[in-house]
Amino acid sequence: MTEDEFDAFYATAFPRLTGQLYAFTGDHGEAQDVVQEAFVRAWDQRREFLLDGAPEAWIRTVAMRLAVSRWRRARRWLELVRRNPPPQHVPGPDPERATLVAALRTLPEPQRMALVLHHLCDLSVEQVASETGAPVGTVKARLSRGRAALARELTTDSTGGAGSRGGAGSAGSSGSVGEGEREDDRVR
């Protein structure tokens with residue numbers, strides 16, 4: 001079967017086969033998917049396809065087998081979920097983690113990224129540099145400044161102070177020049 005003959009066969013057989021598989025599966029989208037997959041598999045064998053004498057039957061058989069296979073896979077998944085149901089209540093993050101995340105949000109993004117990659121993802125300084133595209137020295141400076149700013153933020157929060165979110169001396173974007181705000185690794 002040539003490509004043109006296969007295209008003509010596809011154009012005439014696809015709607016008919018999809019209708020038949022829709023009756024079998026009860027899901028029009030699923031029927032289209034399995035018929036399409038069967039045609040994809042037939043494409044590789046199109047040269048010998050007419051020799052079988054019943055190319056539409058071959059496509060229908062493959063599509064039905066695909067539908068049954070998908071149905072079995074879905075049934076196994078459903079049985080697995082029924083045996084191991086998800087927990088009814090998933091607890092949220094503990095207060096300490098929430099405080100840490102809130103404090104991290106006050107840091108400039110490059111420092112926050114370096115701290116998270118190094119301390120939470122357990123990447124080495126060299127790996128952080130590779131992942132962020134920054135020189136190793138810059139990553140070390142970001143880590144140092146980020147830890148200092150984070151310590152100030154957490155100390156202020158834990159002592160019940162007013163907090164430094166957006167205030168003077170914070171590591172955020174308040175406009176004043178302070179430690180941890182400079183990206184060019186210079187402190188004034």
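## A pair within helix 3

Glu 79 and Arg 75 sit four residues apart in helix 3, so about one helical turn separates them. Helices here are DSSP runs of H or I with at least four residues, numbered from the N terminus. The two residues form a salt bridge, with their closest N and O atoms 3.9 Å apart. A salt bridge means a side-chain nitrogen of Lys or Arg within 4 Å of a carboxyl oxygen of Asp or Glu.

Glu 79 is partly exposed at 36% relative accessible area, and Arg 75 is partly exposed at 39%. Buried stands for under 20% relative accessible area, exposed for over 50%, and partly exposed for values in between (1.4 Å probe, protein chains only).

## Basis of the model

The model is predicted: local features need pLDDT of at least 70, side-chain atom pairs count only at pLDDT 80 or more, and totals for chains, interfaces and linings use all residues. Residues are numbered from 1 along each chain as its sequence is written, and side-chain values use heavy atoms, leaving out hydrogens and water.

The structure contains six salt bridges. One of them joins the side chains of Arg 16 and Glu 56 at 2.7 Å, N to O. Arg 16 belongs to helix 1 (residues 3-25) and Glu 56 to helix 3 (residues 55-83), so this pair ties together parts 40 residues apart in sequence. Arg 16 is partly exposed at 41%, whereas Glu 56 is buried at 18%. Arg 16, Glu 56 and Arg 60 are linked in a salt-bridge network.

Arg 70 and Asp 33 also meet through their side chains in a salt bridge (3.8 Å, N to O). Arg 70 is in helix 3 and Asp 33 in helix 2 (residues 28-43), so the pair ties together parts 37 residues apart in sequence.

Key
Helix = DSSP H or I, 4+ residues; strand = E, 2+ residues; numbered from the N terminus.
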